[in-house]
Amino acid sequence: MSLRNSVLIIFLVLVIDQFSKIYVKTNFIYGEAGQIEVANWFKLLLIENEGMAWGAKIPGDYGKLILTIFRIFAVGGIAYWLYDSSKKHSSNFLMVAISLIFAGAVGNIIDSIFYGVVFDDSYNHLAVMFSENPYGTWFHGKVVDMFYFPIIQDYPMPEWVPFIGGKPFTFFNAIFNVADVAISTGVGILIVFNKKAFTKRVSIGTNERFE
């Protein structure tokens with residue numbers, strides 16, 4: 001797979017990711033007030049993540065800035081990995097996986113760098129793009145999430161279950177975006193197709209084989 005095709009994958013993922021985020025950000029009010037129930041197990045709503053996955057964040061005044069800078073360096077490493085893999089004629093599985101991971105990481109970085117100065121807040125009203133009163137500053141934007149799949153909702157767990165016994169249980173309770181899907185898919189490819197992903201294409205005359 002050529003580097004050009006990888007760039008095309010990255011571009012398409014970023015366009016879909018940013019379009020969906022901007023649409024939700026400008027058409028949904030934060031939280032339950034802006035919720036659309038597509039099915040009883042699939043909902044669209046606007047949630048903004050200030051930190052990492054599952055809402056985790058680095059504490060302190062500079063926690064968000066540190067996280068954003070770390071993500072930028074990580075994306076630089078992934079970009080080199082993609083370039084190096086293309087030069088080594090790595091398998092299509094690996095190239096697609098890296099492309100998806102890179103695109104997802106960049107998609108969420110765009111939120112973190114720019115959204116704080118592009119949008120105003122989404123509480124009790126629809127956010128305005130290019131607002132004169134943005135909600136944050138450069139490198140302190142919040143990542144927009146919107147997909148919610150509560151397949152099992154408020155299931156009463158038996159008392160004997162450790163930690164969550166007697167409490168209502170929801171599966172799947174994470175809220176995520178297109179960038180997260182791309183990253184998860186890329187990682188999934190590396191795990192499920194590990195042997196195929198890390199084979200190398202070797203040319204012998206006019207023939208090719210993998211090893």
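This briefing walks through the salt bridges of the structure above. It is a predicted model, in which local features need pLDDT of at least 70 and side-chain atom pairs count only at pLDDT 80 or more, while totals for chains, interfaces and linings use all residues. Residues are numbered from 1 along each chain as its sequence is written, and side-chain values use heavy atoms, with hydrogens and water left out. There are 4 salt bridges in the structure, each defined as a side-chain nitrogen of Lys or Arg within 4 Å of a carboxyl oxygen of Asp or Glu.

- Lys21 pairs with Asp111 in a salt bridge, with 3.2 Å between the closest N and O atoms.
- Since Lys21 sits in helix H1 (residues 3-27) and Asp111 in helix H3 (residues 92-118), this pair ties together parts that are 90 residues apart in sequence; helices (H or I, at least four residues) and strands (E, at least two) are DSSP runs numbered from the N terminus.
- Lys21 and Asp111 are both buried, meaning under 20% relative accessible area, whereas exposed is over 50% and partly exposed lies in between (1.4 Å probe, protein chains only).
- Lys25 forms a salt bridge with Glu48, and here the closest N and O atoms are 2.3 Å apart.

**A partly exposed pair**

- Asp84 and Lys88 meet through their side chains in a salt bridge of 3.0 Å, N to O.
- Asp84 is partly exposed at 21% relative accessible area, and Lys88 is partly exposed at 49%.
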